[in-house]
Amino acid sequence: MKRLICLINLSRFLFASFPLSPQEFLGYKLGEKFTYHHQVIDYFEQVANTADHVQLLHYGDTYEERPLIIAVVTHPENTQTLEQIRNDHLINSGLAPGNTSSKKFAIVWLSYSVHGNESSSTEAAMKTLFAFSNTSNKTTMEWLKRTVVIIDPCINPDGRDRYVQFYTMTGNREPNVSLHTREHQEPWPGGRTNHYYFDLNRDWIWQTQIETIHRIPIYKAWMPHIHVDYHEQYINEPYYFAPAAEPFHERITPWQREFQTIIGKNHTRYFDEKNWLYFTKEVFDLLYPGYGDTYPIYNGAMGMTYEKAGGALGGLAVRTSDGDTLTLRSRIDHHYVTGLSTVESAYKHRDRIIKEFKDFFSTGENNPAGRYKAYVMQGSNMDAKLNDLLDWLDFNGIEYGLPEDPRSRSLRGLSYRTGKNESFKLDGEDIIISTAQKRSVLTNVLFEPNTIYTDSLTYDVTAWSIPYVYGLDAYAVETPIKIKSDFVRKKIEKKYVWDTRPYAYLNKWESIHDLKFLSDILKKKVVVRVAEESFKIKKIFYDRGSLVITRRGNEHLGKKFDEIVKRAAKKYNTDLATVGTGLVTKGKDFGSGKMRVVKAPRIAVLSGDQVSSRNFGEIWHFFEQQIEYPISVLDASKVSSFPYKEIDVIIMPEGNYRSFVTEISASEQIKKQTSATKLIKNQIPGKLLDW
Ligand SMILES: [Zn+2]
């Protein structure tokens with residue numbers, strides 16, 4: 001029998017030009033086991049290779065080098081190329097110049113398994129892709145006539161494979177439904193987060209992680225009308241879908257609210273028919289902009305979170321509190337149904353969806369809502385910080401410019417520094433971000449000094465204003481400020497004037513770029529001094545913390561010395577200057593004891609199940625990815641065997657540190673009074689104390 005099935009499969013594969021189902025391709029029914037990411041990729045490739053109307057786009061790789069892909073599906077008889085459809089969609093939405101009279105499509109984007117251990121949705125992604133690639137499916141083919149479906153099978157493959165590998169290693173042959181067995185108890189750090197243990201469903205707006213950095217450009221290239229972010233929740237919570245809970249951000253449009261209900265009602269038709277349980281309007285609100293629902297919402301889309309019971313506790317099957325058994329199979333089916341129902345809703349309401357999407361951007365441009373009309377980032381802020389801000393604005397498509405007519409105009413605005421309304425003078429170098437622009441809502445949400453919410457009981461943080469994020473002096477102004485129309489951003493490239501063979505190089509200590517510079521030259525064995533007091537030389541003021549790199553002491557580097565220092569300054573765009581003397585005009589000279597040599601610290605960070613994985617990951621990421629400085633990762637439970645002689649600094653992330661607790665015997669008196677024989681004494685282990 002098996003052989004016969006194989007032959008049938010083979011013949012389909014050889015002679016037919018339609019794709020295999022997940023079961024035919026993988027050799028098992030979806031839900032019987034978890035599918036690894038490389039198998040999911042293979043399946044998507046197989047579909048794209050056999051179905052002409054499915055195209056794959058490899059948009060990046062994760063830290064662990066797993067591919068990130070989307071499949072874009074159109075109707076098989078569609079004569080337009082995907083690129084034409086995409087371009088026309090942007091033109092129709094007012095997001096690209098030009099005219100077009102071609103057919104309009106609703107663009108639906110489905111994103112799966114952003115939390116890796118909420119793993120059923122990637123399995124559902126394969127089933128969903130098959131439904132839209134299978135040309136004999138009349139229903140989906142009808143919807144595809146007026147919709148484009150984009151499927152990202154897994155936003156977080158590193159985390160998901162971490163979970164899948166755990167389950168594959170620990171699951172019994174017959175799944176054990178008891179929650180207390182090992183297969184339901186995922187160990188530290190768990191698969192929810194990515195390689196650096198970041199929660200990618202908080203990173204949409206900050207773009208600190210490589211998955212997000214790769215995803216945002218392709219998201220912006222398509223600007224979908226609908227974006228669904230697939231999740232799983234606690235095993236006893238059956239299913240959650242839109243409409244979301246309060247608080248909604250006040251900038252969310254009436255249509256975005258209305259459509260949440262429309263789409264929810266469409267889902268309930270299917271869920272009611274099958275007697276499936278679900279809830280709406282609870283827990284998951286729409287406020288913080290770092291989510292996979294709110295970031296799309298503030299970009300004009302219908303952003304939604306769908307949550308099925310499951311997660312790491314789910315395994316292949318688990319007993320729930322009502323005595324039922326929750327299976328991976330059912331989790332897949334439920335996510336599959338909401339995926340199809342979402343596309344169906346888009347198809348049915350496409351005209352309104354397309355119109356409202358366009359209005360979202362034109363209203364932003366012509367009649368922006370909100371109290372503040374412009375945000376002024378003062379030109380006097382440090383170049384490096386302003387540059388970082390402009391990079392972020394460019395990445396998110398937020399427009400800005402210089403004031404058209406500064407002439408030291410006096411304005412009033414809310415100072416982000418003092419939190420008060422103040423007068424200030426507009427300067428020609430100030431960066432102006434007007435709320436009258438296509439991405440007005442995103443701008444408004446991100447720059448507002450105080451978030452206004454209808455209900456303070458919210459799922460996440462309530463404060464995120466950008467000037468604070470970048471440490472900028474800025475004002476929020478209630479009157480519009482005109483921007484120079486011919487403003488073109490020039491990358492701030494420093495024009496260095498360096499002496500050849502200077503006595504010393506000087507570098508101010510102002511931003512993270514200076515830290516990156518220091519990290520770079522320390523790794524190359526450059527001897528660096530740090531000024532403990534401020535000084536002045538060649539009429540330039542250097543604050544304490546400035547770096548002084550003298551030729552003396554760096555002889556061991558020979559001819560390479562100058563090149564190493566200069567190259568690092570150029571790489572990180574720092575303010576590196578040269579001087580021909582060690583004699584300062586004010587303050588301490590370079591040979592002074594106040595010019596302390598910086599010893600390159602040998603740094604370790606503690607990890608393991610006694611520490612918060614996310615706090616640990618943040619530190620690990622900071623050293624490895626942000627400042628590229630070596631760090632040794634130690635297991636907190638091995639505190640008595642740390643290589644103390646090889647470490648100068650130990651960073652202890654947030655944690656409980658059981659290993660640092662010492663038990664002592666109770667005294668006779670305590671034994672008598674309390675009958676306790678042992679006492680817990682919080683004390684630092686001896687070896688750490690001696691270090
Ligand atoms: Zn989740």
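This is a predicted model: local features need pLDDT of at least 70, side-chain atom pairs count only at pLDDT 80 or more; totals for chains, interfaces and linings use all residues.
Local features need pLDDT of at least 70 and side-chain atom pairs count only at pLDDT 80 or more, while totals for chains, interfaces and linings use all residues. Residues are numbered from 1 along each chain as its sequence is written, and side-chain values use heavy atoms, with hydrogens and water left out.

Q: Why are strand 1 (54-61) and strand 6 (239-240) called edge strands of their sheet?
A: Strands are DSSP runs of E with at least two residues, and helices are runs of H or I with at least four, numbered from the N terminus. Two strands pair if DSSP finds at least two bridges between them. The open sheet has seven strands in the order 1-2-4-3-5-9-6, with mixed pairing. Strand 1 and strand 6 each have a single partner strand, so one side of each lacks a neighbour in the sheet.

Q: What makes strand 1 and strand 2 (residues 67-73) a pair?
A: Seven bridges join these antiparallel strands, against a requirement of at least two. Val54 has Val73 of strand 2 as its bridge partner.

Q: Which strands does helix 5 (residues 120-133) lie across?
A: Helix 5 lies across strand 1, strand 2, strand 3 (106-111), strand 4 (147-152) and strand 5 (226-233), and runs at about 150° to strand 4. That angle is on a scale from 0 to 180 degrees between N-to-C directions, with axes fitted to C-alpha atoms, for helices over the stretch in contact (heavy atoms within 4.5 Å).

Q: What is the strand order of the sheet of five strands?
A: The order is 14-13-16-12-15, in an open sheet with antiparallel pairing. Strand 14 (421-425) and strand 15 (431-434) are its edges, each pairing on one side only. Strand 12 (residues 374-377) pairs with strand 15 over four bridges, and Met377 stands opposite Ile431. Helix 14 (residues 440-447) lies across both strand 12 and strand 15, at about 55° to strand 12.

Q: Why is the pair of Phe241 and Phe271 called edge-to-face?
A: Rings of Phe, Tyr and Trp (its six-membered ring) pair if their centres lie within 6.5 Å; planes under 30 degrees apart count as stacked, over 60 as edge-to-face and the rest as tilted. The structure holds 42 aromatic pairs. For Phe241 and Phe271 the centres are 5.3 Å apart and the planes stand at 75°, so the pair is edge-to-face.

Q: What makes the largest cavity a cavity, and which residues line the space?
A: On a 1 Å grid over the protein atoms alone, a cavity is a set of points where a 1.4 Å probe fits but cannot get out; lining residues have an atom within 4 Å of a point. The largest cavity has a volume of about 70 Å³, and its lining includes Asp88, His89 and Phe105. Helix 4 (residues 82-92) gives the most to this lining, with four residues.

Q: How is the largest pocket defined, and what lines the pocket?
A: A pocket is an open set with protein on both sides within 12 Å along at least five of seven lines. About 1,300 Å³ of space lies in the largest pocket, a volume being the space filled by probe spheres set on the grid points. Of its 36 lining residues, Asp388, Tyr470, His513, Lys516 and Gln626 lie nearest its centre. Helix 13 (383-396) supplies the largest share of the lining, eight residues.
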